[in-house]
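I opened this model with my notebook beside me and jotted things down as I went. Here are the entries, for anyone who wants to follow along.

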Amino acid sequence: MPDSRTSAITVQLVYLARLREAFGRAGESLTLQGADSSVGTLLAVLRERGGNFGLELGAGRAVRVAVNHALVATDARLGDGDEVALFPPVTGG
Amino acid sequence: MTVRVQTADFDAGREIAALRAGDSRVGAVATFIGTVRDVNDATHVVTLTLEHYPGMTEKALEAIVAVIHRVGTLAPTDQIVLVAVTSAHRGEAFDACRFLMDYLKTRAPFWKKETTPEGARWVDARASDDEAAALWEPPSGPR
(Lines give C-alpha, C1' and ligand atoms only; values in the text may rest on other atoms or scores of the structure.)
Protein backbone atom coordinates (compact mmCIF):
# COMPACT_ATOMS: atom_id res chain seq x y z
CA MET A 1 0.00 0.00 0.00
CA PRO A 2 1.40 3.42 -0.94
CA ASP A 3 1.51 5.93 1.86
CA SER A 4 -1.32 8.35 1.08
CA ARG A 5 0.17 11.01 3.39
CA THR A 6 3.32 11.45 1.33
CA SER A 7 2.27 10.68 -2.25
CA ALA A 8 0.92 13.36 -4.57
CA ILE A 9 -0.44 13.60 -8.10
CA THR A 10 -0.28 16.47 -10.58
CA VAL A 11 -3.17 17.04 -13.00
CA GLN A 12 -3.52 19.39 -15.96
CA LEU A 13 -6.68 21.45 -15.57
CA VAL A 14 -8.55 22.84 -18.61
CA TYR A 15 -11.22 25.53 -18.11
CA LEU A 16 -13.73 26.01 -20.93
CA ALA A 17 -16.38 28.51 -22.04
CA ARG A 18 -17.84 30.54 -19.15
CA LEU A 19 -15.49 28.97 -16.59
CA ARG A 20 -12.40 30.04 -18.57
CA GLU A 21 -13.64 33.63 -18.50
CA ALA A 22 -14.67 33.54 -14.83
CA PHE A 23 -11.31 32.07 -13.72
CA GLY A 24 -9.30 34.35 -16.03
CA ARG A 25 -7.21 31.49 -17.44
CA ALA A 26 -7.51 28.58 -19.89
CA GLY A 27 -6.01 26.08 -17.47
CA GLU A 28 -3.29 25.33 -14.96
CA SER A 29 -1.21 22.57 -13.46
CA LEU A 30 -2.29 21.53 -9.95
CA THR A 31 -0.69 19.14 -7.47
CA LEU A 32 -3.00 17.26 -5.11
CA GLN A 33 -1.68 15.69 -1.92
CA GLY A 34 -2.67 12.12 -1.18
CA ALA A 35 -2.94 9.05 -3.37
CA ASP A 36 -6.74 8.79 -3.20
CA SER A 37 -7.75 12.01 -4.97
CA SER A 38 -11.09 12.04 -6.73
CA VAL A 39 -12.82 14.64 -8.89
CA GLY A 40 -14.73 15.62 -5.74
CA THR A 41 -11.45 16.23 -3.89
CA LEU A 42 -10.22 18.43 -6.72
CA LEU A 43 -13.42 20.47 -6.80
CA ALA A 44 -13.21 21.00 -3.02
CA VAL A 45 -9.61 22.25 -3.31
CA LEU A 46 -10.57 24.71 -6.05
CA ARG A 47 -13.69 25.84 -4.17
CA GLU A 48 -11.56 26.72 -1.14
CA ARG A 49 -9.82 29.40 -3.19
CA GLY A 50 -13.00 31.43 -2.90
CA GLY A 51 -13.75 34.26 -5.35
CA ASN A 52 -15.03 33.08 -8.71
CA PHE A 53 -13.80 29.55 -7.97
CA GLY A 54 -16.04 29.35 -4.93
CA LEU A 55 -18.89 30.95 -6.84
CA GLU A 56 -18.77 28.94 -10.07
CA LEU A 57 -18.11 25.59 -8.35
CA GLY A 58 -20.43 26.24 -5.42
CA ALA A 59 -23.75 24.71 -4.47
CA GLY A 60 -26.46 25.01 -7.08
CA ARG A 61 -24.05 25.52 -9.99
CA ALA A 62 -23.91 22.84 -12.67
CA VAL A 63 -20.35 21.85 -13.58
CA ARG A 64 -19.37 19.04 -15.92
CA VAL A 65 -16.02 17.23 -15.61
CA ALA A 66 -14.13 15.28 -18.27
CA VAL A 67 -11.02 13.25 -17.41
CA ASN A 68 -8.83 12.55 -20.45
CA HIS A 69 -11.74 13.61 -22.71
CA ALA A 70 -14.41 11.36 -21.17
CA LEU A 71 -17.26 12.69 -19.01
CA VAL A 72 -17.04 11.41 -15.43
CA ALA A 73 -18.92 11.65 -12.13
CA THR A 74 -17.48 13.37 -9.04
CA ASP A 75 -16.45 10.05 -7.46
CA ALA A 76 -14.06 9.29 -10.36
CA ARG A 77 -10.46 8.76 -9.24
CA LEU A 78 -7.67 10.92 -10.58
CA GLY A 79 -4.22 9.74 -11.62
CA ASP A 80 -0.92 11.53 -12.09
CA GLY A 81 -0.83 13.37 -15.43
CA ASP A 82 -4.58 13.26 -16.06
CA GLU A 83 -6.12 16.05 -18.15
CA VAL A 84 -9.15 17.29 -16.21
CA ALA A 85 -11.53 19.67 -17.99
CA LEU A 86 -14.17 21.69 -16.12
CA PHE A 87 -17.04 23.25 -18.07
CA PRO A 88 -20.69 24.29 -17.87
CA PRO A 89 -23.44 22.09 -19.36
CA VAL A 90 -22.93 21.95 -23.13
CA THR A 91 -25.08 24.00 -25.54
CA GLY A 92 -24.10 22.85 -29.04
CA GLY A 93 -26.25 21.69 -31.90
CA MET B 1 -18.77 8.04 -41.37
CA THR B 2 -17.89 11.72 -41.49
CA VAL B 3 -17.36 13.88 -38.43
CA ARG B 4 -15.97 17.37 -38.89
CA VAL B 5 -15.64 20.41 -36.64
CA GLN B 6 -14.87 23.46 -38.75
CA THR B 7 -15.25 27.23 -39.04
CA ALA B 8 -16.20 27.11 -42.75
CA ASP B 9 -19.78 26.80 -43.98
CA PHE B 10 -20.99 23.53 -45.48
CA ASP B 11 -23.00 22.53 -48.56
CA ALA B 12 -25.69 20.11 -47.35
CA GLY B 13 -26.46 18.89 -50.88
CA ARG B 14 -22.85 17.94 -51.51
CA GLU B 15 -22.54 16.19 -48.12
CA ILE B 16 -25.74 14.20 -48.66
CA ALA B 17 -24.63 13.16 -52.15
CA ALA B 18 -21.30 11.94 -50.75
CA LEU B 19 -23.00 10.07 -47.92
CA ARG B 20 -25.32 8.04 -50.14
CA ALA B 21 -23.09 7.75 -53.19
CA GLY B 22 -23.00 4.28 -54.71
CA ASP B 23 -25.26 2.62 -52.12
CA SER B 24 -28.41 1.45 -53.90
CA ARG B 25 -29.86 0.01 -50.67
CA VAL B 26 -30.52 3.52 -49.39
CA GLY B 27 -34.21 4.38 -49.58
CA ALA B 28 -34.28 7.22 -47.05
CA VAL B 29 -32.06 10.15 -46.15
CA ALA B 30 -32.96 12.20 -43.09
CA THR B 31 -31.09 15.42 -42.39
CA PHE B 32 -31.18 18.14 -39.78
CA ILE B 33 -29.63 21.56 -40.27
CA GLY B 34 -29.33 23.90 -37.32
CA THR B 35 -29.13 27.62 -38.10
CA VAL B 36 -28.55 30.81 -36.12
CA ARG B 37 -31.68 32.67 -34.97
CA ASP B 38 -31.75 36.45 -34.57
CA VAL B 39 -33.64 36.24 -31.27
CA ASN B 40 -33.22 34.18 -28.08
CA ASP B 41 -35.05 34.63 -24.77
CA ALA B 42 -36.74 37.72 -26.22
CA THR B 43 -33.41 39.45 -26.93
CA HIS B 44 -32.03 40.35 -30.36
CA VAL B 45 -28.95 38.31 -31.21
CA VAL B 46 -26.22 40.00 -33.28
CA THR B 47 -23.69 37.16 -33.46
CA LEU B 48 -23.35 33.66 -32.07
CA THR B 49 -19.90 32.30 -31.24
CA LEU B 50 -19.39 28.57 -30.82
CA GLU B 51 -16.55 27.19 -28.74
CA HIS B 52 -15.54 23.54 -28.42
CA TYR B 53 -13.03 21.33 -26.60
CA PRO B 54 -10.61 20.02 -29.24
CA GLY B 55 -9.76 16.38 -28.69
CA MET B 56 -12.88 15.57 -26.72
CA THR B 57 -15.29 16.80 -29.38
CA GLU B 58 -14.10 14.37 -32.03
CA LYS B 59 -14.11 11.53 -29.50
CA ALA B 60 -17.65 12.36 -28.37
CA LEU B 61 -18.90 12.45 -31.97
CA GLU B 62 -17.16 9.28 -33.15
CA ALA B 63 -20.09 7.22 -31.93
CA ILE B 64 -22.40 8.77 -34.49
CA VAL B 65 -22.92 8.92 -38.23
CA ALA B 66 -22.41 12.00 -40.40
CA VAL B 67 -22.01 15.30 -38.65
CA ILE B 68 -20.55 18.67 -39.50
CA HIS B 69 -20.52 21.20 -36.66
CA ARG B 70 -19.23 24.72 -37.12
CA VAL B 71 -17.33 26.72 -34.50
CA GLY B 72 -16.38 30.40 -34.37
CA THR B 73 -18.54 33.50 -34.78
CA LEU B 74 -21.70 33.25 -36.90
CA ALA B 75 -24.56 35.60 -37.82
CA PRO B 76 -28.33 35.02 -37.89
CA THR B 77 -29.40 32.69 -40.76
CA ASP B 78 -25.92 31.08 -40.86
CA GLN B 79 -25.81 27.29 -40.77
CA ILE B 80 -24.46 25.76 -37.51
CA VAL B 81 -24.78 22.02 -37.80
CA LEU B 82 -25.59 19.29 -40.30
CA VAL B 83 -26.63 15.79 -39.28
CA ALA B 84 -27.32 13.36 -42.12
CA VAL B 85 -28.43 9.77 -41.81
CA THR B 86 -29.28 7.16 -44.42
CA SER B 87 -31.27 3.95 -44.11
CA ALA B 88 -33.44 1.65 -46.15
CA HIS B 89 -36.67 3.13 -44.82
CA ARG B 90 -37.70 6.48 -43.34
CA GLY B 91 -38.51 5.34 -39.79
CA GLU B 92 -34.93 4.42 -38.89
CA ALA B 93 -33.57 7.53 -40.61
CA PHE B 94 -35.88 9.89 -38.70
CA ASP B 95 -35.18 8.14 -35.39
CA ALA B 96 -31.41 8.19 -35.90
CA CYS B 97 -31.45 11.87 -36.89
CA ARG B 98 -33.41 12.84 -33.78
CA PHE B 99 -31.16 10.71 -31.56
CA LEU B 100 -28.03 12.34 -32.98
CA MET B 101 -29.33 15.86 -32.33
CA ASP B 102 -30.41 14.98 -28.77
CA TYR B 103 -26.95 13.52 -28.20
CA LEU B 104 -25.19 16.56 -29.66
CA LYS B 105 -27.12 18.97 -27.48
CA THR B 106 -26.35 17.16 -24.22
CA ARG B 107 -23.04 15.27 -24.60
CA ALA B 108 -20.78 16.93 -27.16
CA PRO B 109 -18.52 19.70 -25.76
CA PHE B 110 -19.75 22.78 -27.60
CA TRP B 111 -20.81 26.06 -26.00
CA LYS B 112 -22.70 29.02 -27.50
CA LYS B 113 -22.07 32.66 -26.65
CA GLU B 114 -24.35 35.37 -28.03
CA THR B 115 -23.73 39.04 -28.54
CA THR B 116 -26.83 41.19 -28.08
CA PRO B 117 -27.42 44.97 -27.96
CA GLU B 118 -27.06 44.63 -24.15
CA GLY B 119 -23.71 42.81 -24.38
CA ALA B 120 -22.36 39.25 -24.58
CA ARG B 121 -23.84 36.29 -22.72
CA TRP B 122 -23.31 32.53 -22.55
CA VAL B 123 -26.33 30.50 -23.59
CA ASP B 124 -27.68 28.37 -20.72
CA ALA B 125 -28.27 24.65 -21.18
CA ARG B 126 -31.94 23.68 -21.34
CA ALA B 127 -33.39 21.06 -19.03
CA SER B 128 -35.68 20.02 -21.90
CA ASP B 129 -32.60 18.93 -23.88
CA ASP B 130 -31.46 16.65 -21.04
CA GLU B 131 -34.96 15.22 -20.82
CA ALA B 132 -35.05 14.58 -24.58
CA ALA B 133 -31.71 12.76 -24.47
CA ALA B 134 -32.77 10.72 -21.44
CA LEU B 135 -35.69 9.29 -23.43
CA TRP B 136 -33.16 7.29 -25.48
CA GLU B 137 -31.68 5.57 -22.45
CA PRO B 138 -32.96 2.31 -20.98
CA PRO B 139 -35.35 2.97 -18.06
CA SER B 140 -32.96 1.55 -15.43
CA GLY B 141 -29.71 2.52 -17.20
CA PRO B 142 -26.99 4.69 -15.70
CA ARG B 143 -27.04 8.41 -16.43
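In what sense do strand S1 (residues 8-15) of chain A and S2(A) pair, and over how many bridges? I found that S1(A) and S2(A) pair in the antiparallel sense over seven bridges. Two strands count as paired if DSSP finds at least two bridges between them. Helices (H or I, at least four residues) and strands (E, at least two) are DSSP runs, numbered from the N terminus.

A note on the ground rules: this is a predicted model, in which local features need pLDDT of at least 70 and side-chain atom pairs count only at pLDDT 80 or more, while totals for chains, interfaces and linings use all residues. Residues are numbered from 1 along each chain as its sequence is written, and chains are lettered from A and ligands numbered from 1 in the order in which they are written.

**Sheet of chain A.** I looked up the strand order next and read S2-S1-S5-S3-S4, five strands in an open sheet with mixed pairing. S2 (27-33) and S4 (70-72) of chain A are at the edges with a single partner strand each, so one side of each has no neighbour in the sheet. From one strand to the next, the twist averages 35 degrees.

**Where the chains meet.** I checked the contact (C-beta atoms, placed from the backbone, within 7 Å) and got 21 residues from chain B and 13 residues from chain A. H3(B) gives the largest share of chain B's side, four residues.

**Core.** Which residues touch the most other members of the largest nonpolar core? In this core of 40 residues, they are A:Leu16, A:Leu19, A:Ala85, B:Val83 and B:Leu100. A nonpolar core is a set of buried Ala, Val, Leu, Ile, Met, Phe, Trp, Tyr and Cys residues joined through C-beta atoms within 7 Å. Buried means that 20 or more other C-beta atoms lie within 10 Å of a residue's own, C-beta atoms being placed from the backbone. Strand S8 (residues 79-87) of chain B supplies the largest share of this core, six residues.

**Chain B.** Last, I counted four helices and 10 strands in chain B. Buried residues are 24% of its 143 residues.

Methods:
Two residues are in contact if their C-beta atoms, placed from the backbone, lie within 7 Å. A residue is buried if 20 or more other C-beta atoms lie within 10 Å of its own, exposed if 12 or fewer, and partly exposed in between; C-beta atoms are placed from the backbone. Axes are lines fitted to C-alpha atoms, for helices over the stretch in contact, and angles run from 0 to 180 degrees between N-to-C directions.
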